[in-house]
Amino acid sequence: MDFKDMSYVLAIAKHQNITKAAEALYITQPTLTKFLQNLERDLGQKLFKRLGNRYVLTYAGERYTAKAAEILNLKKELDQEMGDIIRNNAGSLKIAFPTMRGTYMLPCTLPIFNSLYPNVKLDILEAHSSLLEGMLLSGEADLAFFNLPVKSPNIDYEIISHEEVVLVLSASHPLAHEGARRPGCRYPWMDLNRLEHEPFIMQIPGQRTRQTVDALLKRCGFEPKIKLQTSNISAEVELASKGYGACFVTETHLKHLSPGKKLACFSVGEPCTTVDFVAAYRKGSYIPYHAREYIKIVKDFT
């Protein structure tokens, strides 16, 4: 049993289909089928149950893939550490971003990183923020950037910055000029209870800002009237600017959006609501030299 065998089994488990797994591995379907037959014969165990065209892990398969993933991650970390020792100007790095965050952070940070480390191969992954922890745990990504909270105890992180979560209304909204100045608030402060009967545009439940907002509204003691749920942050701000409803967005996102109309932005909470933007990685894993360098660049950007 070698590293290639483990990679093959993990690919089948991921795709649950021999043809798709073979395509991802750049080998033929008959080659992968024969490999699996030989491996299961040698092990004396079935790793997969066949349900039509789907390959579903057996208990033995679950144990095999869990340990195989650990072994391959350890190998990758060893390769990275040896690479750092031998040379600091070459290597590879897989970085994951929430889609919205990537649209403005990547153009500002990658050119700087590339000018310093032109021989480092970067793989950029963009996905819904709820998926990023899983990408770290599986080894699909070395480093991920997102807002707290972190759900898995197997994820460590480093705080990059603190961001305020801002209430956004159309500039023509009746409450647009009703905010009050308060110490500790960057924006005029708004009592959210004044919007109890207003329609809201909310991010979908898996997004971290939505989780923060749900907790905030729960403390206010009312259920928001949700007119629309969307993962598209740019669209929700544009819709809010047109009076479609109120929304919440982090101020960093807001800086990089250009809605068609002026917005009215407010601090909310006691006295305001903030989230931590972090660089995250698997607990106990080796952090490659170039990952640490990229974190520094992101800190400078934010």
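At the start of helix H1, a side-chain oxygen of Asp2 comes to within 3.1 Å of the backbone nitrogen of Lys4. This contact, like every other feature described here, belongs to a predicted model.

**Helix H1**

Helix H1 covers residues 3-15. Its 13 residues, at 1.5 Å a residue, should span 18 Å, and the end C-alpha atoms lie 19 Å apart, which agrees. Several of its residues are buried, namely Asp5, Met6, Tyr8, Val9, Ala11 and Ile12. An α-helix has 3.6 residues a turn, so residues three or four places apart point the same way. After H1 comes Gln16, and the phi angle of Gln16 is positive, near 55°.

**Cysteines**

How many disulfides does the model contain? The count comes to zero, a disulfide being a pair of cysteine sulfur atoms within 2.5 Å. Cys265 is in no disulfide, as the nearest cysteine sulfur, that of Cys247, is 8.6 Å away. For Cys272, the closest cysteine sulfur is in Cys185, at 5.2 Å, which is too far for a bond.

Is Cys265 buried or exposed? Cys265 counts as buried because its relative accessibility is 16%, and the cut-off for buried is under 20%. Cys272, with a relative accessible area of 21%, is partly exposed.

| Cys265 | Cys247 | 8.6 Å |

**The protein as a whole**

The protein contains ten helices and eleven strands. Along its principal axes, the C-alpha trace spans about 75 × 50 × 30 Å. Of the 302 residues, 46% are buried. The accessible surface amounts to about 15,400 Å², and carbon and sulfur atoms account for 52% of that area.

Contacts may also be considered by separation along the sequence. Among contacts between residues at least 6 apart in sequence, 73% join residues at least 24 apart.

**Confidence**

The mean pLDDT of the protein is 89, and 96% of the residues reach 70 or more. Which elements mark the two ends of the confidence range? Confidence is lowest in helix H4 (residues 59-86), where the mean is 83, and highest in strand S7 (residues 199-202), where it is 96. Where pLDDT is low, the predicted coordinates should not be read in detail.

Notes: Residues are numbered from 1 along each chain as its sequence is written. This is a predicted model: local features need pLDDT of at least 70, side-chain atom pairs count only at pLDDT 80 or more; totals for chains, interfaces and linings use all residues. Side-chain values use heavy atoms; hydrogens and water are left out. Helices (H or I, at least four residues) and strands (E, at least two) are DSSP runs, numbered from the N terminus. The expected span of a helix is 1.5 Å times one less than its number of residues. Buried means under 20% relative accessible area, exposed over 50%, partly exposed in between (1.4 Å probe, protein chains only). A polar contact is a pair of N or O atoms within 3.5 Å; within protein, one must be able to donate a hydrogen and the other to accept it, and residues adjacent in sequence count only if both atoms are side-chain atoms. pLDDT is the predictor's confidence in each residue, from 0 to 100. Contact means heavy atoms within 4.5 Å. Accessible areas come from the Shrake-Rupley method with a 1.4 Å probe; for residues, only the protein chains shown count as cover.
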